Amino acid sequence: MIIIEKTKNKKNITENRFFKDKTDLLKQFNFEEDKIIFSYINICCFNEINTIFGYDIGNHLLLGFADRLTKNNFECYRIHGDEFVIISYGEATNQEIDTFNNYIFDLLTKEPFKIKNEEIFLTIRMGITIS
């Protein structure tokens, strides 16, 4: 399930306060049998994108970034400027987790984001934690 909030600045992803609410809610449940997997994603050099192309392009890039994730039904949260978390649930082998994260990496980096007359390729950093 994707949680999407339309904010005044039209960013198409859930903001930090909802991520905190979600993590507080998860603490109340006992997930002994299921894993919770947090995939952290950071867009590299996002400030430079804003500097070179302007904030309008940067905002459209965030919308495109969120669009790629939401089209795939990921539970995605924006936790800060260019930092995002995807939450996954259930048992998964290390291989399945690697495959999932490789899919996310390819989804966000293989094809350029086409914004107005610009094509922007992203570099991202990813990390995971399993609880």
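Contact is taken here to mean heavy atoms within 4.5 Å, and helices (H or I, at least four residues) and strands (E, at least two) are DSSP runs, numbered from the N terminus. The structure is a predicted model, in which local features need pLDDT of at least 70 and side-chain atom pairs count only at pLDDT 80 or more, whereas totals for chains, interfaces and linings use all residues. Residues are numbered from 1 along each chain as its sequence is written, and side-chain values use heavy atoms, with hydrogens and water left out.

The buried residues of helix 2 (residues 46-53) pack against strand 1, helix 3 (55-70) and strand 5 (118-120). These buried residues, where buried means under 20% relative accessible area, exposed over 50% and partly exposed in between (1.4 Å probe, protein chains only), are F46, I49 and N50. Viewed down the axis of helix 2, they fall within an arc of 95 degrees and so line one face of the helix, the arc being that of the directions from the helix axis to the C-beta atoms. On the other side of helix 2, N47, T51 and I52 are exposed. Helix 2 is followed by G54, for which phi is positive, near 100 degrees.

Two packed helices are described by the angle between their axes and the distance between the axes. For helix 2 and helix 3 the packing angle is about 135 degrees, and the axes are 6 Å apart; axes are lines fitted to C-alpha atoms, for helices over the stretch in contact, and angles run from 0 to 180 degrees between N-to-C directions. Helix 2 is therefore oblique to helix 3, given that angles under 35 degrees count as roughly parallel, over 145 as roughly antiparallel, 65 to 115 as roughly perpendicular and the rest as oblique. The contacts between the two helices bring F46, I49, N50 and F53 of helix 2 to Y55, I57, G58, L61 and L62 of helix 3.

An open sheet of 4 strands has the order 2-3-1-6, with antiparallel pairing, two strands being paired if DSSP finds at least two bridges between them. Strand 2 (75-80) and strand 6 stand at the edges with a single partner strand each, so that one side of each is left without a neighbour in the sheet. From one strand to the next, the twist averages 25 degrees.

Strand 1 (residues 36-43) is largely enclosed by the rest of the structure, because 7 of its 8 residues are buried. It is joined to strand 3 (residues 83-89) by 7 bridges, and these two strands run antiparallel; strand 1 also pairs with strand 6 (residues 124-130) in the antiparallel sense, over 7 bridges. Within strand 3, I87 is the bridge partner of F38, and E83 is that of N42, while in strand 6 the bridge partner of I41 is M126. F38, which is placed in strand 1, has a relative accessibility of 17% and therefore counts as buried. The C-alpha atoms of F38 and T129 are separated by 5.3 Å, although the two residues lie 91 residues apart along the chain.

Strand 3 is likewise mostly covered, with 5 of its 7 residues buried. Strand 2 and strand 3 form a hairpin with 2 residues between them, and 5 bridges join these antiparallel strands. Opposite H80 stands E83 in strand 3, and the bridge partner of C76 in strand 3 is I86. C76 itself counts as buried, at 3% relative accessibility.

Helix 4 (residues 94-109), which includes L107, lies across strand 1, strand 3 and strand 6, and runs at about 155 degrees to strand 6. When residues up to four places away in sequence are not counted, L107 touches R68, L69, N72 and F74. Of these, R68 is 39 residues from L107 in sequence, and the C-alpha to C-alpha distance between them is 7.3 Å.

With a disulfide defined as a pair of cysteine sulfur atoms within 2.5 Å, the count comes to 0 disulfides. C45 is in no disulfide, and the nearest cysteine sulfur, that of C44, is 5.9 Å away.
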